[in-house]
Amino acid sequence: MNQELFRKLPKVDKLLKLPLFTNLIEKKGYNSVYEGITLSIDSFRNSIMNNSIESLSENDVIEKAMNIIQKKSKNNLKKVINGTGTIIHTNLGRSVFSKKMIENLSHVLSGYNNLEYNLETGERGSRYSHIENLICEITGAEGAVLVNNNAAAVLLCLDEFSKNKEVVVSRGELVEIGGSFRIPDIMRASGSKLVEVGTTNRTHTYDYENVINENTSMLLKVHTSNYKIIGFTEEIKREEIVALGQKYNIITMEDLGSGVLVDFSKYKMKKEPTIFDSLNSGMDIVTFSGDKLLGGPQCGIIIGKKELIQRLKRNQLLRAFRVCKMTLSALEVLLREYKNENYEDIPTLSMIIEPIDNVLLRAQQLQNKFSKTNIVTEIRQSKAMIGGGSMPEEVMDSFALSFPEINPIEIEKYLRTCSNPIVGRVQNNRFMLDLKTIFPEDFDTVVETMKKFNQ
């Protein structure tokens with residue numbers, strides 16, 4: 001063990017008095033600077049004990065401390081440039097907020113707000129009143145209530161209407177969503193009893209009717225938004241479930257998963273069941289997510305018969321699942337865009353329905369910026385995905401920029417771990433950036449980051 005190197009390790013108090021660190025304390029705080037210095041010294045001390053270094057200077061310790069302080073002072077949640085071509089990327093935050101949504105968030109959050117205050121009466125108000133009428137106006141529902149995600153929406157409904165009672169679901173609809181959350185598990189947590197009917201690929205009306213008894217509280221239909229069964233299949237229509245519910249006086253509910261307010265078949269895509277389809281069928285309750293195909297913040301939206309919604313509002317779980325002012329602020333702006341049919345101002349919808357020529361133009365613009373560097377690029381045809389567990393069969397034509405002269409594994413890791421993270425994909429031994437999900441305002445960041453790698 002090299003005792004001479006141990007003696008070269010500077011004292012913490014000495015380094016704290018250096019102008020470099022005294023100035024940094026004013027910006028980062030004393031605790032952050034102290035932690036960085038001690039971690040740096042400890043690191044070198046361990047290296048000396050393991051005989052892994054042969055020389056040491058005070059500047060070495062200072063440089064390492066600075067790197068530690070800078071790294072630890074950065075926020076863990078940060079902006080990422082999405083070059084994967086997956087529009088609703090679950091791992092990258094799902095739907096992108098529009099500029100209007102962000103502006104309204106800034107306006108509402110920069111001071112106090114009327115979250116639970118009725119400005120007209122001067123009395124306590126309800127946070128749900130800000131958006132309930134808007135949701136009902138757009139969807140045609142009698143009532144609406146919000147929770148923090150769609151799983152919570154389903155759980156709340158089951159807890160209120162089906163605790164210690166039976167809920168009938170087709171075997172082909174017992175879905176698992178991200179993070180291993182499964183419909184049967186959510187039902188178990190609610191205290192309701194799952195009654196499976198039919199088979200994985202075929203379920204008929206009589207399968208439901210054969211199990212209905214005095215303890216049946218709900219007929220639940222779950223839209224399989226994240227997978228499809230094809231071939232020899234049969235599923236009961238929502239209108240048939242509604243008819244059974246009315247015949248036996250049983251609540252009917254549909255979990256749409258990803259809420260859709262636009263008929264995508266108008267844009268030459270496969271039709272996805274809409275919120276209107278579910279409500280018009282006569283379903284008593286419909287639940288869906290706000291941050292998937294709807295294009296907004298994470299939340300679960302419950303719409304349906306007014307008397308049932310009123311019961312949900314009195315359920316004690318609603319407080320545990322309630323949404324905050326940020327969600328309400330963003331969602332209200334989003335819903336007003338739907339009301340006015342401003343689909344191009346909703347980033348998720350805009351990317352889904354935009355003409356392919358727009359994507360090609362962005363690819364050409366980004367390539368032109370790279371042409372001023374020594375980085376070689378190629379425009380290649382690509383396939384983009386909607387993602388987010390939505391419309392699993394739907395892929396869209398797209399264009400991507402590939403980098404034929406750069407090691408794809410090395411650049412993928414570098415971009416993913418740099419200070420301005422960029423996530424792409426490796427395909428056919430090429431690193432690709434799909435322009436379906438890259439915005440023009442990020443072009444300069446992409447080019448400058450790639451230039452640093454290529455230096």
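The structure holds two cavities of 30 Å³ or more. A cavity here is a set of points, on a 1 Å grid over the protein atoms alone, where a 1.4 Å probe fits but cannot get out; the volume is the space filled by probe spheres set on the points, which are joined across faces, edges and corners.

This is a predicted model, in which local features need pLDDT of at least 70 and side-chain atom pairs count only at pLDDT 80 or more, while totals for chains, interfaces and linings use all residues. Residues are numbered from 1 along each chain as its sequence is written, and side-chain values use heavy atoms, without hydrogens and water.

The second largest cavity has about 40 Å³ of space. Its lining residues, those with an atom within 4 Å of a point, include Ile135, Thr139, Phe288 and Leu335. Helix 7 (residues 129-139) supplies the largest share of this lining, three residues. Helices are DSSP runs (H or I, at least four residues), numbered from the N terminus.

I turn now to helix 17. Its buried residues (under 20% relative accessible area, 1.4 Å probe, protein chains only) are Val359, Arg362, Ala363, Leu366 and Phe370. They lie on the same side of helix 17, because they cover an arc of only 100° around the axis, taken from the directions from the helix axis to the C-beta atoms. Of the 455 residues of the protein chain, 47% count as buried.

Technical notes: 1 Å grid on protein atoms, 1.4 Å probe; cavity = no way out; pocket = protein on both sides within 12 Å on 5 of 7 lines; lining within 4 Å. Helix = DSSP H or I, 4+ residues; strand = E, 2+ residues; numbered from the N terminus. Buried < 20%, exposed > 50% of the residue type's maximum accessible area, 1.4 Å probe, protein only.
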